[in-house]
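Hello,

Here is the structure I promised to pass on. Please open it alongside this email, and I will walk you through what turned up.

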Amino acid sequence: MQVIILPSAHDVSLYAADRVADVINSKTNPVLGLATGSTPIALYKELVARCQSEQVSFCQTISFNLDEYIGIADSHAQSYRTFMNQHLFDHIDIVRSNTHVPLAESQDIDVLKDSAQDYENSIQQAGGIDLQILGIGVNGHIGFNEPTSSFASRTRIKTLSESTVVANQRFFKENEYQPHLALTMGIGTILESRAVLLMATGKAKAEAVKAMIEGPLSAMCPASALQLHKTATLVLDEEAASVLV
Ligand code: F6R
């Protein structure tokens, strides 16, 4: 695990954009793993700017997002498909059919299980993920692999923990239905990526970052699994790194 501490969240996003650009400029059919949430928004803004100024092209890129809420339509304002369209896909030259977000609208458990298996198969068929972008939850989750997730887990249905539901309440209107279940890549799926880049910014992430880097390998801190990954890079701003020894 390589840990890089940079002065600001802006520097973190520029570092991440350079890493993404390196991957997509160095392969014919690069495969990116993408995350949603507040942390990668500045990264996506930077990638949009670089694409629009023709410094990078996503025309050959294949992408797989980490997760999607169960029980809401792709077109729902809070779906992760909508998030990705709004923050990245609508503004770059990626072929839309090359972008993948878990299909999770159904509430039927068998349909969801098939969808999870199809997702795993599609990642394999694409040749595996070259670079997986991650954020980290305040409880140490990666993707929606909440505490207690097995390090061997694959794409599956996961119940969101109370702290995740509360943290994500800010995106939903008052009285709007907020899903408590998600379809997420597993920790085992994430660990198979050839490279992983976890971005963490802000004071609120400091304790989770400490547990990920300095704590024991533990299902109670899913991100600690990255200690097992040979080429994981954790890029932090000073606030997120503030309680590291
Ligand atoms: C989102 C995801 C989550 C987020 C995490 C941090 O696809 O997989 O693990 O990365 O919840 O979210 P933010 O960046 O909003 O703090």
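First, a word on naming: helices (H or I, at least four residues) and strands (E, at least two) are DSSP runs, numbered from the N terminus. This is a predicted model, in which local features need pLDDT of at least 70 and side-chain atom pairs count only at pLDDT 80 or more, while totals for chains, interfaces and linings use all residues. Residues are numbered from 1 along each chain as its sequence is written.

**Overall picture**

The protein has seven helices and ten strands. Its C-alpha trace spans about 45 × 40 × 35 Å along the principal axes. The radius of gyration (taken over C-alpha atoms) is compared with a globule rule of 2.2 Å times the number of residues to the power 0.38. For 245 residues a compact globule would come out near 18 Å, and the protein has 17 Å, which agrees.

I call a residue buried if 20 or more other C-beta atoms lie within 10 Å of its own, exposed if 12 or fewer, and partly exposed in between, with C-beta atoms placed from the backbone. By that count, 44% of the 245 residues are buried. Two residues are in contact if their C-beta atoms, placed from the backbone, lie within 7 Å. Among contacts with a separation of 6 or more, 79% are between residues 24 or more positions apart.

UniProt, in an unreviewed entry, lists residues 10–232 as "domain: Glucosamine/galactosamine-6-phosphate isomerase". UniProt positions are given in the numbering used here, feature names are shortened, and annotations may be inferred rather than shown by experiment. Over residues 10–232 the chain is 34% helix and 14% strand, with the end C-alpha atoms 20 Å apart.

**The sheet**

Two strands pair if DSSP finds at least two bridges between them. Seven strands form an open sheet with parallel pairing, in the order S1-S10-S9-S6-S2-S3-S5. Strand S1 (2–6) and strand S5 (99–100) are the edge strands, each pairing on one side only. S5 pairs with strand S3 (residues 62–65) in the parallel sense over two bridges, and His-100 in S5 is the bridge partner of Phe-64.

Helix H7 (residues 206–214) has Ala-208, Val-209, Ala-211, Met-212 and Ile-213 buried. The buried residues of H7 pack against S1, strand S9 (195–200) and S10.

**The annotated active site**

For "active site", the unreviewed UniProt entry lists Asp-67, Asn-139, His-141 and Glu-146. His-141 lies in the loop between strand S6 (131–134) and strand S7 (156–159), and Glu-146 is placed in the loop between S6 and S7 too. His-141 counts as buried because it has 27 C-beta neighbours inside 10 Å. Glu-146 is also buried, with 23 other C-beta atoms within 10 Å.

What do these two touch, leaving aside residues up to four places away in sequence? His-141 touches Glu-146, Pro-147, Thr-164 and Pro-222. Glu-146 is in contact with Asn-139, His-141, Lys-158, Leu-160, Ser-161 and Thr-164.

**Around the ligand**

A residue is near a molecule if its C-beta atom, placed from the backbone, lies within 6 Å of it. There are 13 residues around the ligand, and Thr-36, Gly-37, Ser-38, Thr-39 and Gly-135 come nearest. For the next count, Ala, Val, Leu, Ile, Met, Phe, Trp, Tyr, Cys and Pro are nonpolar, Asp, Glu, Lys and Arg are charged, and the others, Gly among them, are polar. The shell divides into four nonpolar, eight polar and one charged.

**Some single residues**

- Arg-81 lies in helix H3 (residues 80–87) and counts as buried, with 24 C-beta neighbours inside 10 Å. Beyond its neighbours within four places in sequence, Arg-81 is in contact with Glu-68, Asp-74 and Val-101.
- Glu-54, in the loop between helix H2 (41–52) and S3, has a positive phi near 60° without being a glycine. Glu-54 counts as exposed, with 8 C-beta neighbours inside 10 Å.
- Asn-175 sits in the loop between helix H5 (162–168) and strand S8 (181–184). Its phi is positive, about 70°, although Asn-175 is not a glycine. With 6 C-beta neighbours inside 10 Å, Asn-175 counts as exposed.
- Leu-244 is in the segment after strand S10 (232–237) and is partly exposed, with 13 C-beta neighbours inside 10 Å.

Best wishes
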